[in-house]
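Keep the 3D view open as you read.

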Amino acid sequence: SESAEFWEHACLQEEQHVSLEAIQAVELRRGFEAEIQNLQQEVYSIENQELEADEERIEISESAEFWEHACLQEEQHVSLEAIQAVELRRGFEAEIQNLQQEVYSIENQELEADEERIEISESAEF
């Protein structure tokens, strides 16, 4: 009888322990699911930033081409205003250089975003 009570008590303790572990496992899974959802949201946000960066790079590139073309036309068209055209071209070249620096900066941001997405992806897979 004492042996039966002992084993019954031991079984109840084990059931409580298993139930507690099951509850902890469910809570852990919910935490992981929430973290995965946060990481997926972060990936979505990064992808949106990349799309915006692509659009901005296209606009910058088109703007640089426009200003470069405008500069060449101005130099060819106005021979009497050659000095002014050269000064204008220098301003355009500085603007083009600034735009190219912006493109470089955006590309660096994209590389950082790619690295962050890889880390997030690896973290989500873990």
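Start with Glu50, Asp114 and Arg117, which are linked in a network of salt bridges. A salt bridge here is a side-chain nitrogen of Lys or Arg within 4 Å of a carboxyl oxygen of Asp or Glu. Before going on, note that this is a predicted model, where local features need pLDDT of at least 70 and side-chain atom pairs count only at pLDDT 80 or more, while totals for chains, interfaces and linings use all residues. Residues are numbered from 1 along each chain as its sequence is written, and side-chain values use heavy atoms, with hydrogens and water left out.

The side chains of Arg117 and Asp114 meet at 2.7 Å, N to O. Both sit in helix α2, three residues apart, so about one helical turn separates them. Helices are DSSP runs (H or I, at least four residues), and strands are too (E, at least two), numbered from the N terminus. Glu50, on the other hand, is found in helix α1. Is Glu50 buried or exposed? With a relative accessible area of 14%, Glu50 is buried; buried means under 20%, exposed over 50%, and partly exposed in between (1.4 Å probe, protein chains only). Arg117, at 23%, is partly exposed. If you skip neighbours within four places in sequence, Glu50 is in contact (heavy atoms within 4.5 Å) with Glu110, Ala113, Asp114 and Arg117.

Now look for the nonpolar cores, which are sets of buried Ala, Val, Leu, Ile, Met, Phe, Trp, Tyr and Cys residues joined through side-chain atoms within 4.5 Å. The largest has seven residues: Ala53, Ile60, Ala64, Ile96, Leu99, Val103 and Ile106. Helices α1 and α2 (82–125) each give two or more residues to this core, and the largest share, four residues, comes from α2. Apart from it lies another core of five residues, including Leu39, Val43, Ile46 and Ile120.

How many salt bridges are there in the whole structure? A search finds five. One of them joins the side chains of Arg29 and Glu33 at 3.2 Å, N to O. These two both lie in helix α1, four residues apart, about one turn of the helix.

Last stop: the surface. Phe32 is found in helix α1 (residues 2–77) and, at 48% relative accessibility, counts as partly exposed.
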